[in-house]
Each structure stands twice: as structure tokens, then as C-alpha cells.
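Please read this report with the sequence and the model side by side, and look up each part as it is described.

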Amino acid sequence: MDHEKRFCGKFKLEIGGHKFSFKSWWLAYYEKLESIGKLSSLRVDQLANLCFVNDQYATMKVVTISLFVFLLVIAATVISFCDGNSNVLCIESEGQALLKFKQDLIDQSNRLSSWVEGEDCCEWVGVFCNNLTGHVKELHLGLLSRGPDADEPVAEWDAYLRSKLGGKINPSLIELKHISFLDLSNNDFGSLTIPEFIGSMKSLTYLNLSLANFQGEIPHNIGNLSKLLYLDLGHNPYLKLKLFNGFLLHLSRCSLNNDPSPVSVNYTSLAVLDLSRNTLSSVPTWIFSLRSLVSIDLRSNGVEGVIPNGFQNMSSLKFLDLSRNAFSSSTLSWLSNLNRLQFLGLSSAGLQGNFSSAIGNLSSLTHLDVSHNQLEIIEPKCLESLCTMREMDLSNNGIDQEVSEIIESLSRCSLDRLESLNIASNKLSGHLPDQLGQFKILAYLFLSRNSISGPIPSSIGKLSSLKVLDVSYNRLNATLPQSLGQLGNLEDLDVSYNVLEGNISETHFSNLTRLKFFWASNNLLTFKPNPSWIPPFHCKSIGLGNWHLGPQFPQWLQFQKNLSFLDISCAEISGVIPTWFWNLSTQFECLNLSHNQLGGEISYLLMSSMVDLRSNQFTGPLPQASSDLEYLFLTNNLISGSLSNFLCNSQTKLETLSILDIESNLLSGAIPDCWKILGSLQVLNLGNNDLTGTIPISLRYMVHIELLNLRNNNLFGEVPSSLQHLNVTLILDLSENQLTGSIPAWIGDKLSKLVVLNLRSNNFQGYIPDQICTLNSLQVLDLGYNNISGAIPKCFSNLSAMATKPSDQHLSYWAFELDFDNLFYLGALLVTRGREDEYSTTLRLVTSIDLSVNSLTGEIPKELGNLMGLRSLNLSKNLQTGKIPENIGNMEVLESLDLSINRLHGEIPSSFSNLNFLNHFNLSYNNLTGQIPLGTQLQSFDRSSYIGNHLCGPPVTKNCSGNGETPDFTNGGSSGGKKRSKVNWLYVSIVLGFVMGFWGVVAPLFFIRSWRFAYYQKLEQIGDKLYVFWATIALHVIYRKEIKLC
């Protein structure tokens, strides 16, 4: 009966004639394309009309009454046949041909297990026969599945790949004389060429060999398939193109890389041409001779140069897509003759300057996409004549004008037709006009990421068809209009990242019964509804971060049974989270309650993707977590206890956990040695707790770790060599512990991608290994406050990331996309410019070397001056000797330089006057001499930056000598190497003062006797008085003690 139903459903297709037979099939085909995202912006009914509603296919001849009656008789006969039970079996010879075909196939998953000799081949999987004749009519062996998601388990991928047919295609298929439909798509034929015999299967109307791993030249005799109406050879790398007869040619993703020349066959009937997603170097010139073409798709080829003017002669075109190429056209004058054009795709096509006036002449245009270009101005007159426009996408350009100009221009004649308007990510300014509320059927409005200011007009409530409204990332102010509550069809509302303020009431949501996504974070709005309020909506996502919702926890959330995403961070909520919320949270994928004053213990976290509870007052041990959890943030809370129960629980294996951030809590005990089960971790931050013991060896299994932070704990012992397996690590922070031993040389050999290495404030000894110099990506090296000795390696000049100015080119390495529009940046706590700061979004711009408070000896290597991108250098409190290298002054971006408390001598290099970005500078307590070089920065620092030296000139108080020099005490008082003696009047005055003071008193006593007697007599009297005085005091003290004892 299934075959009979299939035949009855297709009978009209067979007898209806060419004018009508394939329209329903065409619709079904494009419905399938829509389902997999190939045609997202053109509706199915429009495509059908595009290809069939024209003079060639719409003209109907007058049908006589007799012919009409004849067709009715035949239809009645067929219907009566379908009502009965047909027992027609397949033709034996065709069954044998199919078995031969099967023998040459590789079928690892036994998809063709029903193909057994002696059985009716019409009942075999993928085989469809004609119920009247028994001939094989269709062969459906394409794999329908599009494959598992990229993050699915390996087993699912293996099963999917095994289900693909392979092997060879036996020519026995040519014996199927009546086959009209052949689908071998989405299999793997191991880079075979397409068999030539397929060109002899004259009955084929449908041939699909896409995604089947064919290569080589397309057989020329396919052009002889005169009945072929659909051919799909797409997604086969390295196919070589030849044209043929047909209605539709689909060669998408065939790796075509030049201008394929057509063979000499009749292809004037070709109406639809798809050459998208290849690597054509130019638009094929032979296209312009195909005047019957209705649709041309050249997307994603990387074509360069000017858009050819040949398109202007293709007056039959209704669909043209040139998106994602690299054209250099600034004019679109060739569009002026395409009066029938309905769809124009020019996204990412290299357009620049003004919006072409030629587009205004396209009176039939219903869909326009010029997004992702460099358009700057749109003339209002260009939009006023687009009266048939339904969907317009101008997003991601540089359009710099008033938003009201665009909206008012479109309102002239598009009020009753415009369904979608996207002008997001431009430079639009000004206020939204009241005319916005006049677009009667507008369903999608995207205005995000502009500079639109002012209030949202209350006329917005008149857009009764509106489904999506996105005005995020603007400068909208005032409050939300209450008329928003009238939008009964609204499903997605995004007003986040504006400066909206004021109170929100229940009226704002009164009729939003279909609201599914409500994004409004980062505004200044207040919402404190009646505790008994029941929302009319059931959202999937709610974002109210930075709203004033507290202090009570929002009770209305308990009615959101479909909620999967919730952000109520920074909302001034305090107290304990109610029990009903944790029961509700089992359906959550993402939860953000960070930066509130929430407290109490957390028993379990059953969210499947992300939980962010940072900066609250949660107490108790770490909660039990879902085995599907990917990101967990608990930083800055009062969580206590050990890590063992959380990490090593055999019942809850955190195999998908990617980020674990529990810094700044009260965790204690040893770090457990069970990290093998957390092999997916990319970020582990346990810093600033009270963890003890040694670093566990099993951390070696975290081979995907990019950030490892164990700073400010009580860890001891040596750094285990097992950490050398963490070869994708970008940030390693073991600072402020009690680690001992030498700095491992394998850090330079194995951790080649390190950007930040922080071993500060430990007990490391020995030398700095030369292997550190091989870290070409290293931007921050902090070895300060250890017991490191020896010289600074000269090979530091090989640290190439410090030798060039940092850029944003590796930004993707520093961030994780947690959810839509929510990024987590890798960060580090660093000591630069004499203070400790947290760096995250700007970490990629920091370059620093800190070797302070060690026992480093020798001279400062002049090679350090080659680090032209270094911003902070701290060598203070060491035993460095010699002179400051002259080329240190060539490090022009240096912002912090500290060489204090060393044994440096000589003058400050004059090149230091070039350091124009210095904001922290310290050369104190060395043995530097001479004049401080004159420069804007050096004179701006306090005298304390130079104290403990023998320097002169501003900002120190000591003036230099007339010739600008001071004595160089390291050269025995000579200055500048000149051998001439100078009187040091300081010493002379000291000697003279001593002589005058001493002999002025002693000489008279020595030579005049009466003075001598009088002098000693006076001393004796003074001594007697002092004795009496101290004796009296002693008697008083003794007397008081005796009174107390009584």
C-alpha cells in the first residue's frame, strides 16, 4: 500500500505536463534547502514564483473539453487502481542489476541488509518501483543525516562515518532503463571519478551526487541527459566543470578555482546556476551568454576586481547573490536594467562609499542584503522608490547619519510591505522617529550597536506584528515606554547596554504573552513588582544584570518554568536563595547571580553549562555539581573545606568542566591528586586560599589547560616535572607560596606557548636557566622576591614578544565565549609600576620583567635594550654592578623602570631623556654620579627617585658646577678624566672648624693657670649640685615604696 500511495501522490506529476509537473517538487526541494539553512532569506513561495511565474512557464494553451474529459477518465482509472491491492513485483533483471551494484559497495553498517536475492526488490530499502509496471523508478541511497555536532562523542561520529556507503559504482545500474531519480549523496566513494555510464541513463530527471567525495572531470555525456531537471554535484572537492543541458545546475563547494570554459553543448535552457562556495578567481564570462538564467548564485568565491557590467544585459534575472567576494566596485550602475530582480545579495562584497542610486531603480526588489561592507551614506531618495521591499539588511557598515532619515525615507511607500529591517552595527545617531510605529507588518527590527540616543518612542506599541526588537548597545535614555506591553506577538526583546533608567511596572509586560527572550542588562532600571505578580510570559532567557531588583529575591521568577538562561547579577539582592529556586534551576543552562550579597550554603548545582556566583557571601563546603557543568565561578566568597569531595566524587565526574574559578575563598587542606578525570579543564584558578602540601603530579593530565593559578597559598616542595606536559598553557602563576629548588629548565623547553610566568615570592634558588629565553610568546616574567643568584642571561633579547609592540591579533587566545555576548577573559594579578593590579581584557598589552629582591650579580646586559616592546623593568634590590647600559634609553614604550638599591655607578645615560612614557622611575641608593639628563619625564619625579646617589641638577636640590659636572668619586676625585686638582672646600671648612673650636677652648686652659683653677672649681660645684639632686630623687622613691608596703 505504501507504493500505491506514493504512486497516487505522484500521478499528477507524471501526466500533468512540463508546465505544472515540477512546481510542487520544486517547492519541496527548496523547503528541504531551507531546513538546512541554505536559503534563509528568501521564502519558498517566492522562489517558486521566481522560477515558474514567467512567460516561458506560465503560458497555458487552451485545453479542449474533450481532452479535459479524457484526462478525467484516466485519473479515475488510476484512482480506482490505487484503491485496490497491487501485487506487482519488481522486474527480475532489474533486481539482479541492483544485487551486482550492491556487491561492489562497501556497506559497513549494513544499510542494505534487506537487499537479498529472491526477495521483491521493490521492498528493499531505498528502492521505489512503479506500481503498474514493476520497473525500478527511484533509488534513494543518500544519507539523510547531516552528521553529529562537533562536540558529540567519538562513538557517535564513528557510527555516522560507518553508515556512509563506499566502494565502486557498478555499471549494472545502466540496466535500470526506467529510473528517473538517483540519489547517492552524502556517502564516501573514496575520490572516484563520476562514472561515465551515468550519462547514458536517459530517463533521469533527478541526479544528486553531492557530498560523496567524487573528484576529477565531470563526464561530458551528462550533457546528453535531456530530461534532467535537477543536478547536484556540490561539496565534492576538485571536480572540473563542464556545462550541459538542464534546468538547474548546482556545483556549490566543488573547489572550482578558475574560469571553467563550457563545452560545446546546448545549454540555453539553463535557468538556475549555483556556483557558490568555490574559489573562482573571476566571474565566468560565459555566464553572460545564458540569457535565460533566472537565478545566479556566486556566493563565497573570493572573486576580486570590479563587478562585470555583463550582468546589466541579463534582464530575466530575479535572483542574484554575489555575497562574500572581494569586489572593489564603488558603483552599481550595472543594476539599472534588472527590473525583474527580486533578490539581491551583496553582503561582504567589498562595497564602499555611498549607497548606489541604481538600487533605487529596482522596482521589483523584495530582498536586499548589503551587510558587512564599507558603505557610509545612504541617500534618502534611494530608499523612497523601493515600494516592494520586504527584507532589507544594511548592517555592519559605516553608515554615519541620522537614523530618522532612513526610517522616514522607507516610510514613504514601504509602510504596508516592509517585514524586516536590519541596520545594526553602523554609526547611526539621533533619535528614533514616531514614524517607526507606522510599519504595519514589520516583524523584525534590528538597530543594535549604533549611537542612537533619546527615548524609545511610544509609537512602538503600534507595531502589532513585531516579533523581534533589538536596540541593544546604543545610548537610549529615559525609561521603557509602557506601550511595549501592547506587543502581543513580541518574542525577542533586547534593550541591553543602554542608559535607560526609571521604574518598570507590571504594565510594561501586560500583553507580552509570547515573550521568549528578554535581554535588558546594563541599564539603570528598577523593577520591584507586587510579590503576588504572575508574569504573562514564559521566557527561555532573561537578562536583568545591573537592575535594581533587591533586596528581596525576585519571587516572580518561580513562574518561569521554561527558563534556561538567567542573569540577575549586580542587582542588589541579599539574603538566602529560596528553596524553590534551586528546584527550578535544574532546567538552567546558564545562571549568573554574581556581585550581589547572597549568602547561605549551596547544596547542589544542577545547571548544565555555566554557573557564576562570584562576589557574594556564600558559605559552607563546595556544592555538588552536575556532571554536565562546563563553567563554574565561585571567586570572592566564603567557601571553606577541602577540594576532595568536590573533585574526586566518583558519582559526579566533572568530565566536561572547562573553567573552575574558585579564587579568594577559605579552602584548606591539600590539593587532591585526582585531576585525571578533569581532562577537559582549560582554566584552573585556586589562588588566594589556604591550600597546603605539594603540587599534585596528576595535574599533568590537564593537557588542555591554558591558565593555571595556584598563587598565594601555602604550597611547598619543588615544582613537579609532570607539569611539563601542560604544553598549551598560556598563564602559569605559582607566586606567593613556599616552593623551593631551582627554576625548572623544562619550562622553556616544554611550555613554549607561555605568555605569563609568575614565580614571585617563593624560595627558588640557583640561576635563571637560559632555556627561558626560548619562550617566544612570553610577555610577563616575574621572578622577584626569591633567592636567585648569578647573572641575568644575555639571551633575554630573544624574548621576541617583548621586542615588538603588543597587538590585538591574538585576542581570540585570551577569551572564552561562555554564552551569547558573554566573554571570559584570561587574567592575571601582576606587580607593575610599583603596585599590584588585576589585568584581564588588557593583559595582552602588558609586557614586564621583574627580577627584584634576589641576589643577581654582574652587569645589566646591554641586550635588554633590544626589548623595544617592554613596558616595565624591575631589577631593584639585587647586587648589580657596572654602568647602566646606554641603550636602555631606547626602550621608548617603557612605563616603569626600577634599578634602585644596587651597586651601579657612572652617570645616568643621556638617552633616558627619550623615555617619554615613564610614570614610575627609581634609581635610588646606587653610586650614580653626574648630572641628571634633562627631559620632560626625568624632572617630573620626586627627589626620592634619586636619593642615595651623587647626582646633581633638578629635581635634586644640589646644583651642578659651572661646567655642569660634579666630582666622580669612583675615579679619585677626577672629573671627566681631566687631570687637574680641585680644592674640596667642604673638607677644608671641617678642618678649620675643628682647629678653631678645639684650640679656642683648650689653649687658654693650658697656658693660663688662674683660668684652669676657676674652670675645674666650677666643674666641681656643678658635680656637687647634680649629686644632691639625684640623691634627693632616690630618697623620695624609696619612701613611697615603703608607704605602699605598709
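## Terms and basis

A residue is called buried when its relative accessible area is under 20%, exposed when that area is over 50%, and partly exposed in between, with a 1.4 Å probe and only protein chains considered. This is a predicted model, in which local features need pLDDT of at least 70 and side-chain atom pairs count only at pLDDT 80 or more, while totals for chains, interfaces and linings use all residues. Residues are numbered from 1 along each chain as its sequence is written, and side-chain values use heavy atoms, with hydrogens and water left out.

## The protein as a whole

The protein has 15 helices and 65 strands, where helices (H or I, at least four residues) and strands (E, at least two) are DSSP runs numbered from the N terminus. Of its 1046 residues, 50% are buried. Contact means heavy atoms within 4.5 Å, and among contacts between residues at least 6 apart in sequence, 53% join residues at least 24 apart.

An unreviewed UniProt entry annotates residues 92-130 as "domain: Leucine-rich repeat-containing N-terminal plant-type"; such annotations, given in the numbering used here with shortened feature names, may be inferred rather than shown by experiment.

## Helix α9

Helix α9, which spans residues 403-410, is mostly covered, since six of its eight residues are buried. These are V403, S404, I406, I407, S409 and L410, and the buried residues of α9 pack against α8 (380-384), β20 (391-393) and β21 (420-422).

## Q937 in its loop

Is Q937, with its 17% relative accessibility, buried or exposed? Q937 counts as buried because its relative accessibility is 17%. Its place is in the loop between β64 (927-931) and β65 (950-952). Leaving aside neighbours within four places in sequence, Q937 is in contact with L915, N916, F917 and L918, and its side chain reaches the backbone oxygen of L918 at 2.4 Å.

## L1019 and a nonpolar patch

L1019 lies in helix α15, which covers residues 1009-1045, and L1019 is partly exposed, with a relative accessible area of 41%. Together with Y1015, Y1016, I1022, L1026, F1029, W1030 and I1033, L1019 makes a nonpolar surface patch of about 830 Å². An α-helix has 3.6 residues a turn, so residues three or four places apart point the same way.

Patches are made of residues with over 30% relative accessible area and no salt bridge, like charges being joined within 9 Å and nonpolar side chains (Val, Leu, Ile, Met, Phe, Trp, Tyr) within 5 Å. A salt bridge is a side-chain nitrogen of Lys or Arg within 4 Å of a carboxyl oxygen of Asp or Glu, and accessible areas come from the Shrake-Rupley method with a 1.4 Å probe, only the protein chains shown counting as cover for residues.

Methods
Polar contact = N/O pair within 3.5 Å; in protein donor to acceptor, adjacent residues only side chain to side chain.
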